[in-house]
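Hi everyone, thanks for coming. Have the structure open while I talk, and please stop me if a term is new to you.

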Amino acid sequence: MTATLTELKADIASYTEYADVDFLAMRNNFIRSAEERIWYVVQLPFFKKNVTGAMTAGNAYLQLPDDFLAPESLAITVSSAYVYLLNKDVNYIREVYTNPSTTGVPTCYALFTADNDDTTIIVGPTPTLSYVTELHYYYRPASITLGDTGSTTTWLSVHAYDTLLYGALSEAANWMKRTAGIDVMGDKYEERFVLGLKGLQGLGEARDRKDTYRGGEKRRPE
């Protein structure tokens, strides 16, 4: 099912049969909470991006995109060939490459800072040249609630509508129980949401990782 923001908000009101003004105003919050739960639990190819950039000679730090959540891979171009860096931690880089002024071809990287204003990584050793980089990473997709009109759709609202809806309904049920004292279908909504998450995980973490030619058809035990 494909649904717009307007249709999703209407379904939340219809399922809960609750029309309190404060509740209706909270629907965007319920939707955003459900989206975040999906983004942080499920690895889907649709939640990935890749960008190219360049390291600066003598600078061990590389600025990351604002929507960066987690790395998938980082490569640099050396003599027209891709060289993939190993993902380590900062302590490893500091111990192995003790002198930041010593330069060379980077072999590893680590997340150095991660906050809203400054997301960077550190590489080791400090690059000798301005190497071209290619970063593949998981990103935070734009919420359906950020659209200018109610006609906004996203990948989730088009391809995983039930999961998004039941996630929002679960959040709505928690709000109603806490704020209005109404004990509704919260447990059932959460069960349907978790079931949808498992389906998305099967798509992103199993089916997306193989093909029939090499892996064969998915089979159930007899």
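**Rings, strands and a patch**

Let's start with the rings: a search of the whole structure finds 11 aromatic pairs. Here rings of Phe, Tyr and Trp (its six-membered ring) pair if their centres lie within 6.5 Å; planes under 30 degrees apart count as stacked, over 60 as edge-to-face and the rest as tilted. Take Phe 23 and Trp 175: their ring centres are 5.8 Å apart and the planes meet at 50°, so this pair is tilted. It links distant parts of the chain, 152 residues apart, with Phe 23 in helix H2 (residues 21–25) and Trp 175 in helix H6 (residues 161–179). Helices (H or I, at least four residues) and strands (E, at least two) are DSSP runs, numbered from the N terminus.

Before I go on, this is a predicted model: local features need pLDDT of at least 70, side-chain atom pairs count only at pLDDT 80 or more, and totals for chains, interfaces and linings use all residues. Residues are numbered from 1 along each chain as its sequence is written, and side-chain values use heavy atoms, with hydrogens and water left out.

Are Phe 23 and Trp 175 buried or exposed? Phe 23 is buried, at 0% relative accessible area, and Trp 175 also counts as buried, at 9%. Buried means under 20% relative accessible area, exposed over 50%, and partly exposed in between (1.4 Å probe, protein chains only). Ring pairs also bring in Tyr 18 and Phe 30, giving a cluster with Phe 23 and Trp 175.

Now for the strands, which pair if DSSP finds at least two bridges between them. Strand S3 (residues 68–78) is joined by four bridges to strand S4 (residues 81–84), and the two run antiparallel. Val 78 has Ala 81 in S4 as its bridge partner. S3 and S4 form a hairpin with two residues between them, and Ser 79 in the turn has a positive phi of about 55°.

Look next for an open sheet of four strands, in the order S2-S8-S7-S5, with mixed pairing. Its edge strands are S2 (61–63) and S5 (86–87), each pairing on one side only. S5 runs parallel to strand S7 (residues 108–113), joined by two bridges, and Asn 87 stands opposite Tyr 109 in S7.

One last stop, back in S3: Leu 69 is found there, and this residue is partly exposed, with a relative accessible area of 31%.
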